[in-house]
Amino acid sequence: MEPQICMCDCIAGLQFIFDKYAGRDGNKETLTKDELKELFKAEAKGGGTQMPDEAMEGMFQAMDDDKNDEISFQEYMLFVAKLAILASKMKGCMGGQKRS
Ligand SMILES: [Ca+2]
Ligand SMILES: [Ca+2]
């Protein structure tokens with residue numbers, strides 16, 4: 001049985017994850033490299049747990065659009081969107097729904 005997920009749930013979930021880790025250094029507006037590392041370790045099950053530091057660094061640089069060494073919520077969402085696009089290209093179609 002497929003889980004019932006609506007778009008609002010997804011966005012709320014992404015916001016929840018961001019908020020959960022972004023506040024750790026006292027500034028909950030942005031994610032630092034350490035906070036991002038914690039996020040991936042805990043949330044990217046299977047993928048993030050064994051991620052080497054270099055890969056983490058590359059990921060951080062890719063997310064940090066304005067190169068200020070912090071990830072804003074906007075940068076985080078943009079990155080998630082890019083990942084989703086990439087994933088849908090690789091799988092053919094996210095969730096396997098067919099367009100009619
Ligand atoms: Ca922070
Ligand atoms: Ca930034």
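One term before we start: two residues are in contact if their C-beta atoms, placed from the backbone, lie within 7 Å. Keep in mind, too, that what you have on screen is a predicted model.

**Stop 1: the whole chain**

Show the chain as a cartoon. Of the 100 residues in the chain, 11% are buried. As for contacts between residues at least 6 apart in sequence, 33% of them join residues at least 24 apart.

**Stop 2: Phe18**

Now select Phe18, which sits in helix α1. Is Phe18 buried or exposed? A residue is buried if 20 or more other C-beta atoms lie within 10 Å of its own. Phe18 has 22 of them within 10 Å, so it is buried. Leave out the neighbours within four places in sequence, and Phe18 is in contact with Leu31, Phe73 and Tyr76. Next, pick Ser72: it is 54 residues from Phe18 along the chain, yet their C-alpha atoms are separated by 9.4 Å.

**Stop 3: Tyr76**

Hop over to Tyr76, one of the contacts of Phe18. Tyr76 belongs to helix α4, residues 73-91. It counts as buried because it has 21 C-beta neighbours inside 10 Å. Setting aside neighbours within four places in sequence, look for its contacts with Phe18, Leu31, Met63 and Ile71.

**Stop 4: the core**

Select Phe18, Tyr21, Ala22, Leu31, Leu36, Leu39, Ile71 and Tyr76 and show their side chains. These eight residues make up the largest nonpolar core. Which elements give two or more residues to this core? They are α1 (7-22) and α2 (33-43). The largest share, three residues, comes from α1. As background, nonpolar side chains tend to be buried together in soluble globular proteins.

**Stop 5: where two helices cross**

Colour α1 and α2 and turn the view until you can see them cross. Their axes come within 9 Å, and the crossing angle is roughly 130 degrees. That angle is why α1 counts as oblique to α2. The crossing is right-handed. Zoom in on the meeting place: Ile17, Tyr21 and Ala22 from α1 meet Glu35, Glu38, Leu39 and Glu43 from α2. Sort the residues of this contact by type and you get four nonpolar, no polar and three charged. Click on Tyr21 while you are here. Apart from neighbours within four places in sequence, Tyr21 is in contact with Leu31, Glu35, Glu38 and Leu39.

**Stop 6**

For the last stop, go to the loop between α3 (53-63) and β2 (71-72), where you will find Lys67. Asp69 lies in the loop between α3 and β2 as well. Most residues other than glycine have a negative phi. Now check Lys67: its phi is positive, near 55 degrees. Asp69 has a positive phi too, about 65 degrees, although it is not a glycine. Are these residues buried or exposed? Lys67 counts as exposed because it has 7 C-beta neighbours inside 10 Å. Asp69 has 11 inside 10 Å, so it counts as exposed as well.

Definitions and conventions:
Residues are numbered from 1 along each chain as its sequence is written. Chains are lettered from A and ligands numbered from 1 in the order in which they are written. This is a predicted model: local features need pLDDT of at least 70, side-chain atom pairs count only at pLDDT 80 or more; totals for chains, interfaces and linings use all residues. A nonpolar core is a set of buried Ala, Val, Leu, Ile, Met, Phe, Trp, Tyr and Cys residues joined through C-beta atoms within 7 Å. A residue is buried if 20 or more other C-beta atoms lie within 10 Å of its own, exposed if 12 or fewer, and partly exposed in between; C-beta atoms are placed from the backbone. Helices (H or I, at least four residues) and strands (E, at least two) are DSSP runs, numbered from the N terminus. Axes are lines fitted to C-alpha atoms, for helices over the stretch in contact, and angles run from 0 to 180 degrees between N-to-C directions. Angles under 35 degrees count as roughly parallel, over 145 as roughly antiparallel, 65 to 115 as roughly perpendicular and the rest as oblique. A crossing is left-handed if the near helix is turned anticlockwise from the far one by less than a right angle, and right-handed if clockwise. Ala, Val, Leu, Ile, Met, Phe, Trp, Tyr, Cys and Pro count as nonpolar, Asp, Glu, Lys and Arg as charged, and the others, Gly among them, as polar.
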